[in-house]
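Here are my notes for your first look at this model. Keep the structure open and check each point as you read.

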Amino acid sequence: MPGSSAGIVAGLTTAALMTIGFLAYQASATLPADLGRRQASGTVADAPKAPRDRRNPTALPRGSGTGERVVYSVDDDRVWLVGPDNRVQRTFRVTPSTVDPVPGTYTVTSRSKKITGSDGVLVEHVVCFTTVDGVVIGFSAAVNGSMAKPDPHVRTGGIRETRADGDAMWRFATTGQPVVVIR
């Protein structure tokens, strides 16, 4: 008798697992494709441009937030590292990626000391803050010091900075640090 009870339990378990698998497949097949993805509130082109100081083009744009933060302008290809007193600690030009983040406020989600970038270049001081359609967006410095424009036919998310600027970003932008993207 014990042998037949084990067979019944095994059969019921198999049937239950098959039913759960079928229901999981059926549920995933009927979900909207964008469920669970962050919905962008617009595009870079739709966002208004933050006001600039025409006499000082490197000045921190008005309306770029308050407090300690990283500010990144997708139109000007410039970054500002802003201290808790709202004073710019450092500003520098960057080489943009081929995929731009939508203007808004993000936070640093991850950091990597040294990795291979999405373009195949060895990079250091990687500071990531969002993902756009599966492309991770973040700041990094090429170990070889290059800041070449990326291939426009390849979707990349690495916003390139010099090694010195990358080192400053690495020390400044820890996990959780706000990143404000403006036009």
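1. Which residue takes a positive phi in the hairpin of strand 1 and strand 2? D77 does, with a phi near 50°. This hairpin has four residues between its strands. Keep in mind throughout that the model is predicted.

2. Strand 1 and strand 2 pair in the antiparallel sense, over five bridges. Find Y72, which stands opposite V79 in strand 2. Y72 also stands opposite V181 in strand 9. Strand 1 and strand 9 pair too, but here the sense is parallel, over four bridges. Another pair to look for is S73, opposite I182 in strand 9. As background, strands of a sheet pair through backbone hydrogen bonds, either parallel or antiparallel.

3. Is strand 1 enclosed or open? Five of its five residues are buried, so strand 1 is largely enclosed by the rest of the structure. Look at its two faces. R69, V71 and S73 are on one side, V70 and Y72 on the other, and all of them are buried.

4. Next, the nonpolar cores. The largest has 25 residues. V70, V79, F139 and M169 have the most contacts inside this core. Several elements give two or more residues to it, among them strand 6 (122-132), strand 7 (135-142) and helix 2 (163-172). Helix 2 gives the most, with four residues. Take M169 as an example. Leaving out residues up to four places away in sequence, M169 touches V70, V79, L81, F92, V127, F139 and E161. There is also a second, separate core of five residues, including V71, W80, V82 and V180.

5. Turn to T98, in the loop between strand 3 and strand 4. T98 counts as partly exposed, at 31% relative accessibility. Setting aside residues up to four places away in sequence, T98 touches P150, D151, P152, V154, R155 and T156. Two polar approaches stand out for checking. The side chain of T98 reaches the backbone oxygen of V154 at 2.7 Å. A polar atom of the T98 side chain also lies 2.7 Å from the backbone nitrogen of T156. T98 and G158 are 60 residues apart along the chain, yet their C-alpha atoms are separated by 8.3 Å.

6. How many salt bridges does the structure hold? It holds five. The general idea is that side chains of opposite charge can pair when their charged atoms come close.

7. R160 forms a salt bridge with D119, with the closest N and O atoms 3.1 Å apart. R160 lies in strand 8 (residues 158-160), while D119 lies in the loop between strand 5 (110-116) and strand 6, so the pair ties together parts that are 41 residues apart in sequence. R160 is buried, with a relative accessible area of 7%. D119 is partly exposed, at 35% relative accessibility.

8. R163 and E124 form another salt bridge, and here the closest N and O atoms are 2.7 Å apart. R163 belongs to helix 2 and E124 to strand 6, so this pair ties together parts that are 39 residues apart in sequence. R163 is partly exposed, with a relative accessible area of 39%. E124 counts as buried, at 9% relative accessibility.

9. R171 is exposed, with a relative accessible area of 58%. D167 is partly exposed, with a relative accessible area of 31%.

Key:
Residues are numbered from 1 along each chain as its sequence is written. This is a predicted model: local features need pLDDT of at least 70, side-chain atom pairs count only at pLDDT 80 or more; totals for chains, interfaces and linings use all residues. Side-chain values use heavy atoms; hydrogens and water are left out. A nonpolar core is a set of buried Ala, Val, Leu, Ile, Met, Phe, Trp, Tyr and Cys residues joined through side-chain atoms within 4.5 Å. Buried means under 20% relative accessible area, exposed over 50%, partly exposed in between (1.4 Å probe, protein chains only). Contact means heavy atoms within 4.5 Å. Two strands pair if DSSP finds at least two bridges between them. A polar contact is a pair of N or O atoms within 3.5 Å; within protein, one must be able to donate a hydrogen and the other to accept it, and residues adjacent in sequence count only if both atoms are side-chain atoms. A salt bridge is a side-chain nitrogen of Lys or Arg within 4 Å of a carboxyl oxygen of Asp or Glu.
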